[in-house]
Amino acid sequence: MQKRYWSFLLLLAMLASLFVSACGSAADASATPGVPASFTFVYQPGLGASIFVTLKLQKTLEKQYPHTNIQWKIVNSGAAVREAILSNQGQLGSLGLPPFLVGWDRGMDWRVLLASSRGDSWLVALNPKFKSLKDFGPNDKIGVVALDSQQAIVLRKAAQQQLGDAHALDKNMVSIGSADGEQALLSGQLAAHLSGSPFQEREVAAGGHVLLHTKDVFGPVGAGLIVLPQSFYNQYPTFSKQVYQDLAEASTYVAGHPEQVAQYLAQDKASGGGGTVEQFQKLIKTTNLVYEKTPTGLLAYAQFMHSIGLISKTPNSVNDLELPTVSGTGN
């Protein structure tokens, strides 16, 4: 079933590409040579979206490329980012390492343009009976954004360490967007929730306690990734390098202007995940989220995922996964 699903999506992507090529020639003719007529960012809500919100509200690319239709698409998981890129509903995606590696393993030609952020996700529970993974019974549901998300892989690695079986909690996991997962935890529909900022901090403020830290499982690695299809980069190398530069500069801006970025996140509620300026200021200043441009953890995640059968191959080196903008960097 899974192979048929991926074959269908790959066929869909090929047909979409042919359709765009056939129908887009007129639009391309009026655009600047070497610049796409349209370009769509696909990303997930939360504190990690700061870079995209900054670019979006400052209209950086719109000023540089006035004849290119710049669009912003928000989805709830890395799997949804992957499907959007695969079906040509977006060109640039932001997601965690595992869903990127799953796509790469299945034959997608996307590569890493740069990293976006590195942070610590928490497994939060409300019921005090949950003190470790050993306390979860078969009916205790744990929310993650997708079954191949970074959170799901962290949970499997922790299950391997604590329970001796990476798949011990697979039947406990349910796919749910971070905002919905927060509400499901607080209303008792979930026993625990593994997400990120600002959702996890609000859960703790509401009486939850932290059972697990990502950094205690994989160590201080695992940056969120910003990816492009290799074919797009090859077709529009100058444009792609400018997007890389804009994102890198936005990352630097976010790190140095927490008050302004907090206003951006509060203003764009869909991107920020909801919250006030004051709440975002506190989060930006106190969270361990680091705006990291160099990819880290690629090989560590790939090796673990391969060892438990989630991907069929591992990269020979980071060069197999990276575009020239970051080629040979990271690990």
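This is a predicted model: local features need pLDDT of at least 70, side-chain atom pairs count only at pLDDT 80 or more; totals for chains, interfaces and linings use all residues.
Visitor: What makes H12 and H13 roughly perpendicular?

Guide: The axes of helix H12 (residues 237-256) and helix H13 (residues 258-267) cross at roughly 105°. Angles of 65 to 115 degrees count as roughly perpendicular, so H12 gets that label against H13. The two axes also come within 6 Å.

Visitor: Which residues make that contact?

Guide: On H12, Tyr253, Val254, Ala255 and Gly256. On H13, Pro258, Gln260, Val261 and Tyr264.

Visitor: How do those residues divide into nonpolar, polar and charged?

Guide: You get 6 nonpolar, 2 polar and no charged. Gly counts as polar here, so Gly256 of H12 goes into the polar group.

Visitor: Why are Arg82 and Asp148 called a salt bridge?

Guide: Their side chains meet at 2.7 Å, N to O. The rule asks for a Lys or Arg side-chain nitrogen within 4 Å of a carboxyl oxygen of Asp or Glu, so this pair passes.

Visitor: What else describes the interface of domain 1 and domain 2?

Guide: Between them, the two domains bury about 1700 Å², with 62% of it on carbon and sulfur atoms.

Visitor: How many salt bridges does the rule count, and what makes Lys56 and Asp268 one of them?

Guide: The count comes to 6. Lys56 and Asp268 have their side chains at 2.9 Å, N to O, and since the cut-off is 4 Å, they qualify too.

Visitor: What makes that pair a link between distant parts of the chain?

Guide: Lys56 and Asp268 are 212 residues apart. Lys56 is in helix H3, while Asp268 is in the loop between H13 and helix H14 (269-272).

Visitor: Which peptide bond is cis, and what is its omega?

Guide: The one joining Ser197 and Pro198, with omega about 5°. Pro198 is in the loop between strand S8 (192-194) and helix H9 (199-205).

Visitor: What is phi of Lys59, and where is the residue?

Guide: Phi is near 55°, a positive value in a residue other than glycine. Lys59 is in the loop between helix H3 (50-58) and helix H4 (60-64).

Technical notes:
Residues are numbered from 1 along each chain as its sequence is written. Side-chain values use heavy atoms; hydrogens and water are left out. Axes are lines fitted to C-alpha atoms, for helices over the stretch in contact, and angles run from 0 to 180 degrees between N-to-C directions. Helices (H or I, at least four residues) and strands (E, at least two) are DSSP runs, numbered from the N terminus. Angles under 35 degrees count as roughly parallel, over 145 as roughly antiparallel, 65 to 115 as roughly perpendicular and the rest as oblique. Contact means heavy atoms within 4.5 Å. Buried area is the accessible area (1.4 Å probe) that two parts lose on being put together, summed over both.
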